[in-house]
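I looked up strand pairing first, then helix contacts, then single residues.

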Amino acid sequence: MTTLHIVNKPPHHPRFERCLEALGDGDRLLLIESAVMAVSIPNFLPADRVNALGADLEARGLNALMRGGITAVDYDEMVALTAESAQIIHW
């Protein structure tokens, strides 16, 4: 993985949209806080390389809306993603 993009802004926020535009080949996207609401929007995310923090999904009642390709991660897995990344950008 080249870059891990971590976004905490809700969908359609300018920083969230810039983050999606900046995703490169091999990059991963990690949704935290309000950004996890994006899992409820069909065809909004590049599902094959998206992770969402499970605690934030659960806090917002979005677990049932998870679809194929988007993976829920816990805090330990979030740390592992950051350790595997050559670069981290927090939006």
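**Entry 1: strands E2 and E3.** I began with Leu 30, whose bridge partner in E3 is Asn 51. I note that the model is a predicted one. I found three bridges between E2 and E3, and these two strands run parallel.

**Entry 2: strands E1 and E2.** I next looked up the pairing of E1 with E2 and found four bridges, again with the strands running parallel. Here Leu 30 of E2 is the bridge partner of Ile 6. I then traced the chain from E1 through H1 to E2 and recorded a right-handed β-α-β crossover.

**Entry 3: side chains of E2.** Which way do Arg 28, Leu 29, Leu 30 and Leu 31 point from E2? I recorded Arg 28 and Leu 30 on one side, with Leu 29 and Leu 31 pointing the other way. All of these residues are buried.

**Entry 4: the whole sheet.** In what order do the five strands lie? I read the order as E4-E3-E2-E1-E5, in an open sheet with parallel pairing. E4 (70–73) and E5 are the edge strands, each pairing on one side only. From one strand to the next, I noted an average twist of 25 degrees.

**Entry 5: strands E1 and E5.** I counted four bridges between E1 (residues 3–7) and E5, which run parallel. Within this pair, I found Thr 3 opposite Gln 87 of E5.

**Entry 6: helices on the sheet.** I looked up H1 (residues 14–22) and found that it packs on the sheet, where it touches E1 and E2 (28–31). The direction of H1 makes about 165 degrees with that of E1. H3 also packs on the sheet, and I listed its contacts as E1, E2, E3 (50–53), E4 and E5. The direction of H3 makes about 115 degrees with that of E4.

**Entry 7: Ser 85.** I located Ser 85 in the loop between H3 (75–84) and E5 (87–90).

**Entry 8: Arg 18.** I found Arg 18 in helix H1. With a relative accessible area of 45%, Arg 18 is partly exposed. Between Arg 18 and Ala 83, I noted a C-alpha to C-alpha distance of 24 Å and a separation of 65 residues in sequence.

Methods:
Residues numbered from 1 in each chain as written. Predicted model: local features only at pLDDT ≥ 70, side-chain atom pairs only at ≥ 80, totals over all residues. Heavy atoms only, no water. Pairing = 2+ DSSP bridges. Axes fitted to C-alpha atoms, helices over the stretch in contact; angles between N-to-C directions. Contact = heavy atoms within 4.5 Å. Buried < 20%, exposed > 50% of the residue type's maximum accessible area, 1.4 Å probe, protein only. Right-handed = clockwise from strand over helix to strand, strands pointing away.
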